[in-house]
Amino acid sequence: MTSRYRSSAEASQGLGSLSPRRRTVVKAAAATAVLAGPLAAAASARAATDTPAFLHGVASGDPLPDGVLLWTRVTPAPEAIPGSGLGPDTEVSWVVARDKAFTSIVAKGSTTATAASDHTVKADIRGLEPATDYWFRFSAGGTDSPVARTRTAPAADADVSSLRFGVVSCANWEAGYFSAYRHLAARNDLDAWLHLGDYIYEYRSGEYGTRGTVVRPHAPAGEILTLADYRIRHARYKTDPDLQALHLKAPVVAIWDDHEFADNAWSGGAVNHTEGAEGTWAARQAAAKQAYFEWMPVRPAVAGTTYRRLRFGKLADLSLLDLRSFRSQQASTASGSVDDPDRTLTGRAQLDWLKAGLKASDTRWRLVGNSVMISPFSFGSLSADLFKPLAKLLGLPQEGIAANTDQWDGYTDDRRELLAHLRSNAIGNTVFLTGDIHMAWANDVPVDAGTYPLSASAATEFVVTSVTSDNLDDIVKVPEGTVSAVAAPVIKAANRHVHWVDTDRHGYGVLDITADRAQMDYYALSDRTDANATSSWVRSYRTRSGTQKVERTYDPV
C-alpha cells in the first residue's frame, strides 16, 4: 500500500529532547487523544481523585470442569492509557462466588497489574464445581469492577442433555454497532459463546469494509503495526457496551483469524503487510500475539497459538484451530498450486494433533472451531457483475479463479488428509463451526465435491455471517437481499453439498446440541448502522447423529 499513517513508535520519536516528566505528560496526552470518546472522558473525570477504574469491562473464557479464566484491565491513573506504557504497578484482587450478591464466596486472590502487560489481568481459577454458574468481580484501590457471570464446563464423564453456544465472527468496529453481542447477552441461556476470528480489524480508518461510510472511527486512526497500536485497538473494542455486556454474561471461547494480525496473514507475512515499510513481519506478528493474549481471556495450550481442546461432558468436545501461525503462503503462480502437498494450512504438528484428538474422542459430537471455510466452493456460472464483488470479498483476482485460496480450498492436501482420516476411521458427528467469509452457510463436507452427492459426506459445517463486516450487498451497495436472491441459487447449483447460503445479512448463530442432533439457528440484524438494531430468526439447519449431512428444520431452539 502506498500511503501509511505513522505508527505510535514513530510518532513518539520526536519526544527525545523533552525532560522525563514532560515526555510523560506529552505521551499521556497523545494517548488520551487517540482514545478520545467515552474512555478518555471517564479517565478525565477521575483525574482529580486519581482512583483506579475498570473502563474495559471484565470477561471470562475457556471454561473447564473445575475452573475458568478471568480477565480485566485496570486503569490505575489518568496517564495509564492502553498502549502508553505508563502507570504504576497496581494490586488487583478478585473474588468468585456462587451468588451475585457474593454471600457465598468460593475463591479469591490478588495479583499485580503492570505497564509491562498493559495493566491487563488474568486469573486462572481452579477448584470450582462442574456445570455451575458463578459470579466474579475485580477490585483495585477501593474501586470494584462490574459483576459478571461465568459458567464451568460439565465434568468429563457427565451425561449432559444439552449445550447451547452463541457463535460469532468478523466484527469491524467502523462498519457498525455490535448489536449481535447485545442480543446474545439478552438470551440468558448460553453455556458459552464462540468467537471464530476477526475479533478486531487492523486497517487504518476508512480503509476497510464500511459500505463507504465510517459509522464510528476506531483508534488508533492509522493501521496498527506496533505493540502499542494493537493494544490501543483491542482497548477501543473493549469499550463497546454490547461487547462488554456479552462478556458479563457468559465465558467466551475464542480463536484468531487474519485481522487480529493483518489481512490474509500466513506464517511469513500477509497481503496487508509491506515488509520493511511496515517493519518486519516477525515483529508485527509477535506484537499482535502479545496484545491478543493480554487482552483476551484465552488460555493457550501451546504457547503462542490458539489451538487447544475443551470438553463438555460426554456430549461434545471442541477442537479449536490456529489457521494463521503455521500456514504456507496463499497459492499463486509464485507460491505454488493449491494441490501442492508441500504447502500446509495447519502445519504438520497441528494437523496430527487434530487427527489424533478426533480419533480418540469418546464424546457424542466432535466440534471443530475453524476460522476459514473447509467446504469446497466453486463459483459456477456467476455473472461478471456478481463474481467481481464476490472475488473482492474473498480477496481473489477479479479476472477469475477456481478456488478461494485463503480457505481450505487453497490447501487441498491438508483437507484431503483430514477428510480421509475421518472416513477411514469411521469418525462420525464431526461439525465444523466457521466464520471469516461474511456469509451464512449450511454445508455437507464431501469427500469428493465433484461427484457429490454420489460420494460420501465426511462431516458437516455451519458458517456464521459477520457481525458487521461488509458482505456482498454492502460491496455492491444494493438493498439487503438483492444479491443473495440471485447469487444463492447459482452457488447452490454449482455446489450440491451447500444446503443454504445467505450472502447479504449480518448477525450471529446459536448452536444447540443434544445427543440426537446439532442445530444452528441463524439470526439477522435489522441494520448494522443502528445502535438499537433488532434481531430476527432467519433459518435453522441441523445434522442428526450418525448422518454426516445437513437438513433444514423449521423452528429455532
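Which residue caps the N-terminal end of H6? Aspartate 240 does: one of its side-chain oxygens lies 2.9 Å from the backbone nitrogen of aspartate 242. This is a predicted model, in which local features need pLDDT of at least 70, side-chain atom pairs count only at pLDDT 80 or more, and totals for chains, interfaces and linings use all residues. Residues are numbered from 1 along each chain as its sequence is written, and side-chain values use heavy atoms, with hydrogens and water left out.

**Overall picture**
- The protein chain has 12 helices and 24 strands. Helices (H or I, at least four residues) and strands (E, at least two) are DSSP runs, numbered from the N terminus.
- Of its 557 residues, 60% count as buried. Buried means under 20% relative accessible area, exposed means over 50%, and partly exposed is in between (1.4 Å probe, protein chains only).
- Take the contacts in the protein chain with a separation of 6 or more: residues 24 or more positions apart account for 71% of them. A contact means heavy atoms within 4.5 Å.

**Helix H6**
- Helix H6 spans residues 241-249. Its residues Asp242, Leu243, Gln244, Leu246 and His247 are buried.
- The buried residues of H6 pack against several elements, including strand S1 (58-64), helix H4 (179-185) and helix H5 (227-237).

**Helices H5 and H7**
- Two packed helices are described by the angle between their axes and the distance between the axes.
- The axes of H5 and helix H7 (residues 281-295) come within 8 Å and cross at roughly 35 degrees. Axes are lines fitted to C-alpha atoms, for helices over the stretch in contact, and angles run from 0 to 180 degrees between N-to-C directions.
- On the H5 side, the contact is made by Leu227, Tyr230, Arg231, His234 and Ala235. On the H7 side, the residues include Arg284, Ala287, Tyr292 and Trp295.

**The seven-stranded sheet**
- An open sheet of seven strands runs in the order S14-S15-S16-S17-S19-S18-S20, with mixed pairing. Two strands pair if DSSP finds at least two bridges between them.
- Strand S14 (308-312) and strand S20 (498-502) are the edges, and each pairs on one side only.
- Neighbouring strands of this sheet are turned by 20 degrees against each other on average, direction ignored.
- Helix H8 (residues 348-360) packs on the sheet, and its direction makes about 15 degrees with that of S14.
- Strand S17 (residues 430-434) and strand S19 (residues 457-463) run parallel, joined by four bridges. Threonine 434 stands opposite valine 463 in S19.
- Helix H10 (residues 412-424) lies across S17, strand S18 (440-446) and S19, at about 120 degrees to S19.

**Methionine 296**
- Methionine 296 sits in the loop between H7 and S14. This residue is buried, with a relative accessible area of 0%.
- Beyond its neighbours within four places in sequence, methionine 296 is in contact with Trp71, Lys122, Tyr199, His234, Lys238 and Ala254.

- Most residues other than glycine have a negative phi, and most peptide bonds are trans.
- The bond from alanine 219 to proline 220 is cis, with omega near -10 degrees. Proline 220 is in the loop between S10 and H5.
- The bond from tyrosine 452 to proline 453 is also cis, with omega near 15 degrees. Proline 453 lies in the loop between S18 and S19.
- Phenylalanine 102 has a positive phi of about 60 degrees. At 9% relative accessibility, phenylalanine 102 counts as buried.
- Lysine 477 has a phi near 65 degrees, also positive. Lysine 477 is exposed, with a relative accessible area of 52%.

Terms used. A polar contact is a pair of N or O atoms within 3.5 Å; within protein, one must be able to donate a hydrogen and the other to accept it, and residues adjacent in sequence count only if both atoms are side-chain atoms.
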